[in-house]
Amino acid sequence: MQKLVDEFNKSHPDIKVKNTKLVWAEYYTKLITAVGNGNGPDIGISHTSRLPDLINQGVVTDLDAVAGEAGVDWATFNQNLLDATVVDGKHYAVPIDTHPFIMYYNKKLLKEAGLLGDDGKPVLEQSADGFLAFLKTLKEKLPAKTTPFALSNSNDDPYRLWWALYSQLGGNDLVSDDLKKAEIDKAKGIQAAEYIQKLFTEGYIKKNDPDFYKNFQSGTAAIMMTGVWATGTWEATKGLEFGAMPIPKLFGQEATWGDSHTIILPLTKSEDPAKRKAALIFADYVAENGQIWAKAGHIPSKPSVLEKQEYKDMPYRSDYAAVAGTVKFNKPSTKNWQIRDNVSFKILNEVWANKMKPAEAMDKMEAGVQKELDK
């Protein structure tokens, strides 16, 4: 990001962007407080999933009036990513990436198990049974100390896998279209949860893994799933021969969990039109130069960037770039983060620990989601 800021300032002598770094855990609280005090920044970052909440709190402004002046052409963005930032027909953010949940694999271990093709990609049938057969072979062929599938035992990543499989089955979020009611497709939710629970009970995912990133990084896990931000970490790891790919299509349609970083214009005291225009010129520049941002592993928001030689020359990224079209975003509920943290994580964690049946979990999740929506 600093490189993008520096290059923008060099090529736009009439605009100066100053970048302030904040600790991630404190970022949203500080942003909301600053805007409330009338000291908000001219430009900010928001996750797509956090946008509805920020709109509701009056923190972000809509961009339609200024976008034309700044030369932003909405048609140049990946429409799946862009549509997720449109609320009540208005544009509130410029998406600069998507960072979806994907699969990484250790080439050496897959080769050892006879599951690496001549093209360097896994020999894996894209189906629920095919993936189980793939893991079974890994478990049988590799040394006992090797983990077939490294995954966290709680919270984010198993939830992301559940969301991905629920979406592949055609599940459509946990809230109704009018955002007022809990609406879980329980049969699909149960099917996805039972499948993942089986990965734990059959011993394919290591139980109580203290650090599943380290497990994969040290070459003791055959595959792992997490967000694309891990690409840079694996690249910097000496001797790790790995590959990256979309998560397999285990059910009806290709889908995965994902979010996006977007650039927003927070509400300021003066709402200076010249500054707003300059800020959006910068936002569009960042999206247009997504090959620089993609070094972090993220997928650029503009399809034209994927055709740039600089992007194509980077290893791994093109192997999962198409996932931008299959990310299943939340509906624009102001309670997305509360539902995830207070309901989905807590209840599904019990399923992964084999302490709760998936059917009971879906009933509890429905009640929990409704409780959050009613607050």
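Buried residues account for 55% of the 375 residues in this chain. The model is predicted.

Start with the overall build. The chain holds 17 helices and eleven strands. Its radius of gyration is 21 Å, close to the 21 Å that the globule rule gives for 375 residues, so the chain is as compact as a globular protein of that length. Along the principal axes, the C-alpha atoms fill a box of roughly 65 × 50 × 35 Å.

Next, look at how the chain contacts itself. Take the contacts between residues at least 6 apart in sequence. Of these, 73% join residues at least 24 apart.

The chain exposes about 16600 Å². Carbon and sulfur atoms supply 50% of that area. There are 46 positive side chains and 49 negative ones. The centres of the two sets lie 5 Å apart.

With the whole chain in view, go to strand E7, residues 221-227. Seven of its seven residues are buried, so E7 is largely enclosed by the rest of the structure. Which strands pair with E7? One of them is E5, residues 97-106. E5 and E7 run antiparallel and are joined by five bridges. To find this pairing on screen, go to Phe-101, whose bridge partner in E7 is Gly-227.

Strand E6, residues 147-150, also pairs with E7. Here the sense is parallel, and there are three bridges. Phe-149 marks the spot: its bridge partner in E7 is Ile-223.

Move on to another group of strands. Three strands form an open sheet in the order E1-E10-E4. The pairing in this sheet is antiparallel. Which strands lie at the edges? They are E1 (44-47) and E4 (94-95), and each pairs on one side only. In the strand order, E10 sits between E1 and E4.

The E4 side can be traced in detail. Two bridges join E4 to E10, residues 261-264. These two strands run antiparallel.

How values were computed
Residues numbered from 1 in each chain as written. Predicted model: local features only at pLDDT ≥ 70, side-chain atom pairs only at ≥ 80, totals over all residues. Heavy atoms only, no water. Helix = DSSP H or I, 4+ residues; strand = E, 2+ residues; numbered from the N terminus. Rg over C-alpha atoms; globule rule 2.2 N^0.38 Å. Buried < 20%, exposed > 50% of the residue type's maximum accessible area, 1.4 Å probe, protein only. Contact = heavy atoms within 4.5 Å. Areas by Shrake-Rupley, 256 points an atom, 1.4 Å probe, with all protein chains shown as cover. Lys, Arg positive; Asp, Glu negative; His and termini not counted. Charge placed at Lys NZ, Arg CZ, Asp CG, Glu CD. Pairing = 2+ DSSP bridges.
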